[in-house]
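Have the structure open and follow along.

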Amino acid sequence: MAVMVEVDARRAGDIDGILRDVKLTGKVREQGRPALIMNAPQTDDELWRYVRDTWGIELVREVHPDCINKGHEAPFTAFASAYFARDETALWIGSRGLAGKTYLMALLALPETTTLGAGVALIGGSLDQSKLAYEYTTSFWELASAPRHLLIGEPTTRELKLTNGGNEYVHAASSKSARGGHRPRLRLDEADEFDLNKNDPDMIKVLDDAMGQPMEQRGLHPQTVISSTHHYAKGAVTVLLKRIAEGELDAHKYTWCYKESLRRRSDATGEMIGWLSQAEVRRMRGRMRKKQFEVEVELQEPSVEGRVIDSDAVNNMFNPAYNRVLLPPGTRQGIRGEYIEVPCCGEYLKTLTPCLSHTYVTGCDWGRKRDLTAIVTYRTDTATGQWWLVAWWSDHKMPWPLLTEHLNQRVRRFPGRAAHDATGLGDVVDSMITVSVDPVILGGGQSGVRTKLFNDYIMAIEQDGLTGVRVEAAWYSHYYLTKNDLWGSGHPPDDFVAGALAWGLRSELIDPGLQIGGPVGPSVVEGLR
Ligand SMILES: [Zn+2]
Ligand SMILES: [Zn+2]
């Protein structure tokens, strides 16, 4: 009963809401079985107030003035359309992180389960992604105003159940799991992460299996939301947009960006709306690659034109499913200053130290005026000759003693050959490098050394010569690399250069038999037995 009192206190003035909870509670307690809640919100206003009063969120109902001509819609418009099942399928396209799509999807499950008694199925591009949405949902249940009397037990890590029949379930990102269950509300998160079918790239794995599942439940209309950032030029969202354009998929597209969520004064009511501060946007911009910010936050269309490296090859190189050494699969962001270390083999997991028995290669590109510095390390002695990424770091320009110390530490931790771009470096800097590193004079423009290094590295990527976990920032540098970056007025990204420098050392490695696809080096599964 304590919960009810707190709900009442928060809701002074919302008589309808209080009555609804009282009736709801009465009904459930009286009959002790699932009941369809007849007095669920019936209008957008009622829904908006319910979400504010019970779940503490004031959803933005206005498009940002900058976005009216871009066809953006208010997040609440997408939210209400899904709740009332106005479109059987809705595609939400929004900025990553800042648009709060995953958050909104999680929030949507709350009125759906509590007021409609709906079954909600969550599937993300990865199990981690689905769980993220679900964790948001369960955190809302900890609010004092949450109708906890509806809960049957505590939510588990995959499922929550309510006395009114409402429930929420997190599916694994597999076809088998996606086909299990016919909950009327299907929520697919970060759809661009779903793989396309290798043999038929117009088909989307898992997502297509899930799409046919929702069924009507006690008079409740099925409704599907597919939410994503559009960042692959050849990915699931591109396929879905094509289906919509060709009339193959009947779905309404809702687009909004971070500006819709910006904290600002409403043009309509004069009140403050939104939750996102300008400072937060600046912080995000500072942490992301320029291209990444443009595509993911400013929602520029990912372009295919002018790109240099085959996209499938880049996806294999920075592979979200990489788990060769019992790693949890998934994506590492690679934000500025983040050091990422990946196990060299199963042995690493016991000591959390790279094995000294492997062969490593390190490449380093120094940040000059505005560039970043990047240091990448690969393990090269694998059974197939394919190089595995073991360490990655990139950061802003900083004083030379600090920068060089990063390289010194890296080569001490992963002993082996290393190379850096020594173009224009003075003796003073040189003296700060205390480990053995090959100085390479890359030069600018079309210099022969540069051209050969870059071409060799690109060829190696396209022949699957290098692989590892998905480091989002590095993926962007390689996926969106253009001819202009390499040979035109642009400049090649630091971690691309670092990778090329590392690859350039392959002919100098001690194991002479090393070649891509060649059966040399110790077993892949060493240390796992
Ligand atoms: Zn916008
Ligand atoms: Zn190892």
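Start where α5 meets α6: Thr 102, Tyr 103, Met 105, Ala 106, Leu 107, Ala 109 and Leu 110 in α5 are in contact with Leu 132, Ala 133, Tyr 136, Thr 137 and Phe 140 in α6. Contact here requires C-beta atoms, placed from the backbone, to lie within 7 Å. Helices are DSSP runs of H or I with at least four residues, strands are runs of E with at least two, and both are numbered from the N terminus. By class, this contact has 10 nonpolar, two polar and no charged residues (Ala, Val, Leu, Ile, Met, Phe, Trp, Tyr, Cys and Pro count as nonpolar, Asp, Glu, Lys and Arg as charged, and the others, Gly among them, as polar).

A word on the numbers: this is a predicted model, in which local features need pLDDT of at least 70 and side-chain atom pairs count only at pLDDT 80 or more, while totals for chains, interfaces and linings use all residues. Residues are numbered from 1 along each chain as its sequence is written, and chains are lettered from A and ligands numbered from 1 in the order in which they are written.

How do the two helices lie? Helix α5 (residues 101-116) and helix α6 (residues 127-140) pack at about 50 degrees, their axes 8 Å apart. That angle makes α5 oblique to α6 (under 35 degrees is roughly parallel, over 145 roughly antiparallel, 65 to 115 roughly perpendicular, and the rest oblique).

On to α4 (residues 75-83), which packs with α5 at an angle of about 40 degrees, with the axes 10 Å apart. Pro 75, Phe 79, Ala 82 and Tyr 83 of α4 make this contact with Leu 104, Leu 108, Pro 111 and Glu 112 of α5. Seven of these residues are nonpolar, none polar and one charged.

Is α4 mostly covered or mostly open? It is mostly covered, with seven of its nine residues buried (20 or more other C-beta atoms within 10 Å of a residue's own; 12 or fewer is exposed, in between partly exposed). Its cover includes α3 (44-55), β1 (89-94), α5, β6 (223-228), β7 (252-256) and α10 (258-261).

Finally, look at the largest nonpolar core, which has 63 residues; Phe 79 and Leu 108 are among those with the most contacts inside it. Such a core joins buried Ala, Val, Leu, Ile, Met, Phe, Trp, Tyr and Cys residues through C-beta atoms within 7 Å. Its largest share, eight residues, comes from α5. A second, separate core of 59 residues includes Val 308, Cys 344, Tyr 348 and Ile 461.

Key
Axes fitted to C-alpha atoms, helices over the stretch in contact; angles between N-to-C directions. Contact = placed C-beta atoms within 7 Å.
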